[in-house]
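Some local features of this structure deserve a look before the coordinates are used further. The points below take them in turn.

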Amino acid sequence: MRLGFNFTLSDTYEMVQRLIAESRIDYVELLIDNFFCVPPSELANAFSCPVGFHIMFSRFFENDRETLRDFARRLRPYIDALNPMYVSDHCARFSHQGRRLFHIGEFDYSRDYDEARERAEFWQAELGTKLLIENYPSIMYGGVEQPEFFERLQREVGVGVLFDASNAVCAYGNIGVPLEKWDRIIASNRHFHVAGYSLSMIEPYVRMDTHGEALAPDTIEFLSSRKDLFDKEGATITYERDNEINYDDIVADLIRLRAIFPKQEATAREPALATA
Amino acid sequence: MSQLSQPLEQDGGLKDSALYDALTRPARIFDYPTDSRAFVRIDASIRIYWHHLFDICPQLLEMSPPDGGAIFRPFMAWADARGLTLDWNWYLWVYDWLLQSEFRDRLNEKVLLEIMGAAAARWAVLDRGRNCGVVIGCRDTANLVVGWKCHKIDEGRQIEMLEIEDLPPPPELFGCFFLPDFELSTFPGWQSLSK
């Protein structure tokens with residue numbers, strides 16, 4: 001299992017370089033659409049390690065096809081130049097009736113499956129590489145449909161899942177989606193996320209995917225209990241931290257992850273299709 | 001494994017999609033019992049709008065102590081009635097609303113430039129189009145605010161304040177134009193603020 005860290009904004013550039021230099025991480029996950037104005041060649045030389053791509057705002061369930069084609073045209077030079085281990089995106093609602101949802105909404109998995117299937121198929125074809133889609137940290141009850149939704153999407157479209165372990169723990173804690181329901185998805189995918197979560201400010205307390213805290217004990221327990229499902233040839237797990245960024249705290253969590261998934265030798269960048 | 005926070009009767013198995021309408025409308029939170037999961041979910045959503053406004057524009061919070069409610073709630077209701085999209089330019093619409101509110105006499109250029117800077121920064125972070133920069137002008141100041149997207153790996157977005165003497169003021173309260181590269185060398189004319 002390779003450990004990675006998410007690089008979303010330039011503010012953390014020096015810190016990520018230090019994580020690499022001290023061998024705390026094996027790769028960097030780029031929030032790639034934040035860097036569309038950075039030349040691909042500069043981005044390719046930015047880090048001396050493999051990279052993964054995470055897309056934040058393609059909004060591929062909402063944007064029209066021409067907008068998505070243009071987005072993909074701009075992304076492909078980065079795929080060619082950086083040869084990421086994977087390309088991933090979000091399955092969520094970024095707007096509703098034209099209004100921006102700052103806290104993105106959970107997809108309606110059963111009602112909108114046909115649309116999701118069509119759009120995921122289109123988006124994967126435009127990207128020209130296997131598309132991984134991340135699961136959502138459910139708060140409301142529609143989340144119980146998630147595992148079946150993703151299994152069906154994998155089977156019928158051929159996309160993969162960027163499985164976020166702590167999002168699944170949130171969904172379990174919030175609405176009781178059994179963690180076992182994810183086992184087939186974990187077993188059939190190689191690229192994972194994990195982060196800390198916090199509790200809502202008011203009762204009834206729900207788990208919120210905030211990326212600003214240490215890994216929770218139940219997240220650690222979940223990863224440990226399914227170590228053999230997660231850990232496989234070419235597997236990666238990205239530790240996400242976007243708030244309360246403190247080097248020592250991040251390293252402490254990376255050490256916890258390394259204890260579960262002992263270090264393996266990093267290999268050269270691999271084609272996305274080979275590992276996704 | 002830790003205990004579940006058990007679903008409450010009041011939630012009735014609601015999906016997130018049933019709450020989309022309420023996620024941008026603070027007043028709608030009271031459609032749900034205060035001890036329901038739906039209430040918490042909407043509260044989490046509304047808090048993010050609040051933080052985006054007052055964390056980025058702290059002078060607005062100073063104008064409406066202790067919690068900004070005198071600005072936030074009426075503005076969001078006004079935004080809803082006007083059909084605003086709450087996109088990057090929503091900060092500028094806040095200023096428009098402030099001019100029509102009890103706070104109009106407390107506005108000054110410092111507050112205005114903070115608001116224009118917030119809008120430029122939001123554009124630079126969120127926009128996924130091909131433009132590299134946005135220029136925002138306002139009738140109430142000779143200063144322009146420019147937002148540039150991140151174009152170097154170790155430098156984030158950049159916000160600049162400029163004064164260009166031979167540029168006409170926008171014909172409306174605010175105007176903007178977009179820059180196709182990282183140079184401010186042409187003036188294509190002011191665009192109206194979109195909703």
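1. Pro204(A) sits in the loop of chain A that runs between β10 (198-199) and β11 (207-208). The model is a predicted one, and in it the peptide bond joining Glu203(A) and Pro204(A) is cis, with omega at about -5°.

2. Chain B has a cis peptide bond of its own, from Pro65(B) to Pro66(B), with omega near 0°. Pro66(B) belongs to the loop between α2 (58-63) and α3 (69-82) of chain B.

3. Beyond β11 in chain A, the loop between β11 and α8 (217-225) holds His211(A). The phi angle of His211(A) is near 60°, which is a positive value in a residue other than glycine. Is His211(A) buried or exposed? Its relative accessibility is 10%, so His211(A) counts as buried; the cut-off for buried is under 20%.

4. Gln97(A) also has a positive phi without being a glycine, here near 50°. Its place is the loop of chain A between β5 (92-96) and β6 (99-106). Gln97(A) has a relative accessibility of 63% and therefore counts as exposed, given that exposed means over 50%.

5. Glu114(B) is buried but has no salt bridge. Which side chain of opposite charge is nearest to Glu114(B), and how far away is it? It is that of Lys110(B), 7.1 Å away. A salt bridge would need a side-chain nitrogen of Lys or Arg within 4 Å of a carboxyl oxygen of Asp or Glu.

6. What is Glu114(B) in contact with, leaving aside its neighbours within four places in sequence? With those neighbours set aside, the contacts of Glu114(B) are Ile56(B), Cys57(B), Pro58(B), Gln59(B) and Leu60(B).

7. On the surface, a patch of negative charge is formed by Glu109(B), Glu163(B), Glu165(B) and Asp166(B). One of these residues, Glu163(B), is found in the loop of chain B between β3 (158-162) and β4 (174-179). Glu163(B) has a relative accessible area of 56% and is exposed, so the area condition is met.

Technical notes: Residues numbered from 1 in each chain as written. Chains lettered and ligands numbered in written order. Predicted model: local features only at pLDDT ≥ 70, side-chain atom pairs only at ≥ 80, totals over all residues. Heavy atoms only, no water. Patch = residues over 30% accessible without salt bridge, like charges linked within 9 Å, V, L, I, M, F, W, Y side chains within 5 Å. Areas by Shrake-Rupley, 256 points an atom, 1.4 Å probe, with all protein chains shown as cover. Lys, Arg positive; Asp, Glu negative; His and termini not counted. Charge placed at Lys NZ, Arg CZ, Asp CG, Glu CD. Helix = DSSP H or I, 4+ residues; strand = E, 2+ residues; numbered from the N terminus. Buried < 20%, exposed > 50% of the residue type's maximum accessible area, 1.4 Å probe, protein only. Contact = heavy atoms within 4.5 Å.
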